[in-house]
Amino acid sequence: ANIQIAARARRAKRRYIISPHGMLDDWCMSYHAARKHVFLSLAGRTFFERAVAIFFCAQGELEQAAHYIDNSAGRVVPAAMDLTPFTNLAGPAQARDEIAGASGDGPLVLFLSRVDHKKGLEVLLDAMSLIAKRRTPVPLVIAGTGEPRYVDNLKAQATALGIADNVHFVGLVRGTAKVSLFQRASLLALPTKQENFGLVLTEALAAGTPVITTKNVDIWPELEACNGGLIVDRTPEAFAAAIESLLDDPERARNMGQTGHEWVHRDLSREVLSDRFLELYREAVTKPPR
């Protein structure tokens with residue numbers, strides 16, 4: 001419907017702004033690539049070229065979009081976060097009491113996201129298996145929902161790897177329990193194939209939990225620059241090594257979580273970013289419709 005809405009806007013001499021939300025990332029464009037390139041040739045490029053602004057969530061997203069469209073109207077404003085749940089952190093007690101695998105005070109690796117092949121859980125399970133061969137097994141809590149057959153395949157993989165007793169599928173976790181689970185975790189691991197912004201990563205940092213992810217996240221340079229995350233290759237060996245490096249150095253992990261926490265609360269709050277959004281729209285309304 002976006003094409004029709006944009007056409008109506010042009011006929012009415014009205015400006016419009018587009019937010020692609022990662023759909024022009026290289027990974028997304030490689031999926032059903034022929035269909036998407038036909039779409040761009042027939043109507044998509046006109047749709048983008050006539051926008052007075054194209055709003056991207058990260059510099060990495062803007063740069064990838066240049067492979068497919070004229071992004072000269074592109075502007076970068078990060079996804080604004082509601083940091084209210086992370087202002088007065090209650091601690092890990094709720095997670096210990098309510099969430100399987102989160103009891104006690106020992107090391108805990110957390111995956112929290114949609115349970116989907118794109119997120120790389122197979123890589124993470126293989127990494128946890130490598131870790132289990134070198135040290136006392138570390139619990140992995142997988143928080144999120146997904147297609148039942150896929151979840152069953154992951155459980156079968158964990159069983160085949162001999163780590164099923166330490167892998168806990170806990171389903172959807174939200175609200176104060178989610179924040180508490182972030183605080184209970186030693187780190188959050190996300191070996192994803194693609195993230196437009198990766199909100200779960202900034203949520204983890206907002207709770208003071210360091211993150212490990214890949215360059216397939218559009219904000220990976222920002223995560224690295226704030227020293228809140230480790231950016232590694234999307235392989236079991238790389239994730240296992242990164243996880244162990246933080247488990248073996250709790251002080252480093254705490255410092256990473258703290259610097260990430262400071263970055264999120266300083267740069268990504270709705271209050272801070274509202275001015276940047278207003279600036280984007282003020283600039284847009286000064287331009288003639290295209």
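1. Glu244 has a relative accessibility of 12%, and because the cut-off for buried is under 20%, Glu244 counts as buried. This value, like every other in this note, is computed from a predicted model.

2. Which residue does Glu244 meet in a salt bridge? The partner is Arg134, and the N to O distance between the two side chains is 2.7 Å. Glu244 belongs to helix H11, while Arg134 sits in the loop between H6 and E5, so this pair ties together parts that are 110 residues apart in sequence.

3. A salt bridge also joins the side chains of Arg135 and Asp248, at 2.9 Å from N to O. Arg135 lies in the loop between H6 and E5, and Asp248 lies in the loop between H11 and helix H12 (250–267); the pair therefore ties together parts that are 113 residues apart in sequence. Arg135 is partly exposed, at 27% relative accessibility, whereas Asp248, at 52%, is exposed.

4. The four residues Arg134, Arg135, Glu244 and Asp248 are linked in a network of salt bridges. The count of salt bridges in the model comes to eleven. Another of them pairs Asp116 with Arg114, at 3.2 Å from N to O. Asp116 is partly exposed at 26% relative accessibility, and Arg114 is likewise partly exposed at 45%.

5. Helix H6 covers residues 121–132, twelve in number. From its first C-alpha to its last, H6 reaches 16 Å, close to the 16 Å expected at 1.5 Å a residue.

6. Which residues of H6 are buried? They are Leu121, Val123, Leu124, Leu125, Ala127, Met128, Ser129 and Ile131. The elements that cover these buried residues include the strands E4 (109–112), E5 (140–143), E6 (167–171) and E7 (187–190), together with the helices H7 (148–161) and H11 (236–247).

7. The model holds one cavity of 30 Å³ or more. The volume of the largest cavity is about 50 Å³. Its lining consists of Met128, Ile131, Ala132, Pro137, Val138, Leu140, Ile163, Asn166 and Val167. H6 gives the most to this lining, with three residues. By type, the lining has eight nonpolar residues, one polar and no charged. Met128 and Ile131 are among the lining residues, and both are buried residues of H6.

Definitions and conventions. Residues numbered from 1 in each chain as written. Predicted model: local features only at pLDDT ≥ 70, side-chain atom pairs only at ≥ 80, totals over all residues. Heavy atoms only, no water. Helix = DSSP H or I, 4+ residues; strand = E, 2+ residues; numbered from the N terminus. Expected span 1.5 Å × (residues − 1). Buried < 20%, exposed > 50% of the residue type's maximum accessible area, 1.4 Å probe, protein only. Contact = heavy atoms within 4.5 Å. 1 Å grid on protein atoms, 1.4 Å probe; cavity = no way out; pocket = protein on both sides within 12 Å on 5 of 7 lines; lining within 4 Å. Points joined across faces, edges and corners; volume = space filled by probe spheres on them. Nonpolar A, V, L, I, M, F, W, Y, C, P; charged D, E, K, R; others polar.
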